[in-house]
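Work through the exercises below with the coordinates loaded. Each task is followed by a stepwise solution.

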Amino acid sequence: MSLLLLSKAFINGKWVDAADGDVYEVCNPANGKLIGCVPNMKVEDCRDAIVAAKCAFSSREWSCLAAKQRADLLKCWAILLKQNIDDIADIITAESGKPITEAKQEVLCGSSVLEWFAEEARRVYGEIIPSPKKDRELLVIKQPLGVAGLITPWNFPLGMITRKAGAALATGNYEISSYLKLIILNNFCFPSPPPPGCTLVIKPSLFTPLTCLAMAKLSEEAGFPRGVINVVTSNNARSIGEYMCKSRDIQIISFTGSTNIGKLIYRLCADDLKRVSLELGGNAPFIVFDSADLKKATESALIAKFRNCGQSSIAANRFFVQDGIYDRFVACFKQQVEDLIIGFGCSEETQIGPLINEDQFTTICELVEDARKKNACILTGGCSVPCLGKLFYAPTIITKVPPEARIYCEEIFGPIAPIIKFKTEEDVIRKANDTKSGLAAYFFTENLQQAFRVAKRLEVGIVGINEGIISSVEAPYGGIKESGIGHECGHQGTDEYINIKSICLGNLK
């Protein structure tokens, strides 16, 4: 871990302290021990990072790179992540608390994301449009927006950065037909270089800056020109985030986090109509129909709920189980939940680590206590595990949950599984859609007609049918309603960082 455990921020290709020398501590949520200190940067430091990114955007070192050259840089970065998987995973586990096996999987997924966008960098195609007149040619090109401000969360400190950074850095190239190239060369002179990819100012979570700094170090080793990737560390997310949103030199803000903060960012960006890409909170239903394969449903429920201690926006939040299979599902699921191993993330056996901080721990305790007071049944768990540490909470199943319980309608973001019985398909679809969120949904059925029918009616951006792991770099990831704007991953991922320009060439002979 020591090789990539860094104590300085990264601006304009240099490892720097905050201008005023201020630092803040990063501690392990599992045991409270100090991991390291990083610069506590202010608005002035953020301004330097934005200036560096703006200059790098038009520098010859970056703007003159062809799409393949940018693709090669991304591939090299991806390879370096894999080569340093143990060191990076140790850092992720230390500062986020997640089990080491999950941390390693996050590194591998992040590497695959960079590989994907390396391939996409050569496929940001333009378009030729048939002209209504013989002496005209119409074409469409795609150009990068410019400087991208990336504000990333603590729950997937590497994965969320690669999704955003990979897409932003891949943008910028366009292809036109050989015929049209001849027309342009014969009629015009374009001395300027082809458009580059976006450049980045990254603000990682105050809880997990060390993972981001390790990634920046590897991007430096991969050969990205100075100023293309900048990292601003700070424990004052509000002032830095507000400055990034209001800066006219940043063309897009990409944010992953809570819905409330996402709304605030949306408002701040509205004054100059800055582009936003928002991946916000979820309230995912997990529906089990009578026809479901019980083994498949319970195993998938375990993953969908308890991965990263339930601290994921696509985590299963409300379990709806049809009355015909309800008792068998609850009994089987309870046994699997009670078999989960809680402990420190550094152990390969650990499946459940701590919550990220005291605020999150307090919220979980309050949600469970509220359900208890409203006569819900705590089937298993429902308590802290103080023998391990003050932020550990036992995996919990709650049944007989009334609609007025907070846990019925609020995003949980912890290891709590409320289970609600339902009778009909119509009934459960109504209940599943009765939320302001619309990120993900899961359901299990062996009825093919029902599978298509329900998938179309669920008001979410991502649907998992008979599957508990539903995100993939090859497919677009994004929500509807109050779960966000835009998409990450898939070939659609680069669209967030692109301007589409229409060109009309007239009076051609």
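**Exercise 1. Count the aromatic pairs and classify two of them.**

Start with the rule: rings of Phe, Tyr and Trp (its six-membered ring) pair if their centres lie within 6.5 Å; planes under 30 degrees apart count as stacked, over 60 as edge-to-face and the rest as tilted. The count comes to 14 aromatic pairs. This is a predicted model, in which local features need pLDDT of at least 70, side-chain atom pairs count only at pLDDT 80 or more, and totals for chains, interfaces and linings use all residues. Residues are numbered from 1 along each chain as its sequence is written, and side-chain values use heavy atoms, with hydrogens and water left out.

Step 1. Take Phe306 and Phe333. Their ring centres are 6.3 Å apart and their planes stand at 35°, so the pair is tilted.

Step 2. Phe306 lies in helix α11 and Phe333 in helix α12 (residues 326-338), so the pair ties together parts 27 residues apart in sequence. Helices (H or I, at least four residues) and strands (E, at least two) are DSSP runs, numbered from the N terminus.

Step 3. Check burial. Buried means under 20% relative accessible area, exposed over 50%, partly exposed in between (1.4 Å probe, protein chains only). Phe306 is buried at 3% relative accessibility. Phe333 is buried too, at 0%.

Step 4. Take Phe344 and Phe392. Their centres are 5.7 Å apart and the planes make 80°, so this pair is edge-to-face. Phe344 sits in the loop between α12 and α13 (358-373), and Phe392 in the loop between β14 (377-380) and β15 (396-399), 48 residues apart. Phe344 is partly exposed at 33%, whereas Phe392 is buried at 0%.

**Exercise 2. Find charges over rings.**

Step 1. Apply it. The charged end of Arg163 sits over the ring of Tyr477, 4.1 Å from its centre. Lys421 lies over the face of Tyr326, at 4.7 Å from the ring centre.

**Exercise 3. Is Val337 buried or exposed, and what does Val337 contact?**

Step 1. Locate Val337: helix α12. At 2% relative accessibility, Val337 counts as buried.

Step 2. Compare sequence and space. Val337 and Leu302 are 35 residues apart in sequence and 7.1 Å apart in space, C-alpha to C-alpha.

Step 3. Leave aside neighbours within four places in sequence. Val337 then contacts Leu302, Phe306, Thr380, Pro395 and Ile397.

Notes
A charge sits over a ring if NZ of Lys or CZ of Arg is within 6 Å of the ring centre and within 35 degrees of the ring normal. Contact means heavy atoms within 4.5 Å.
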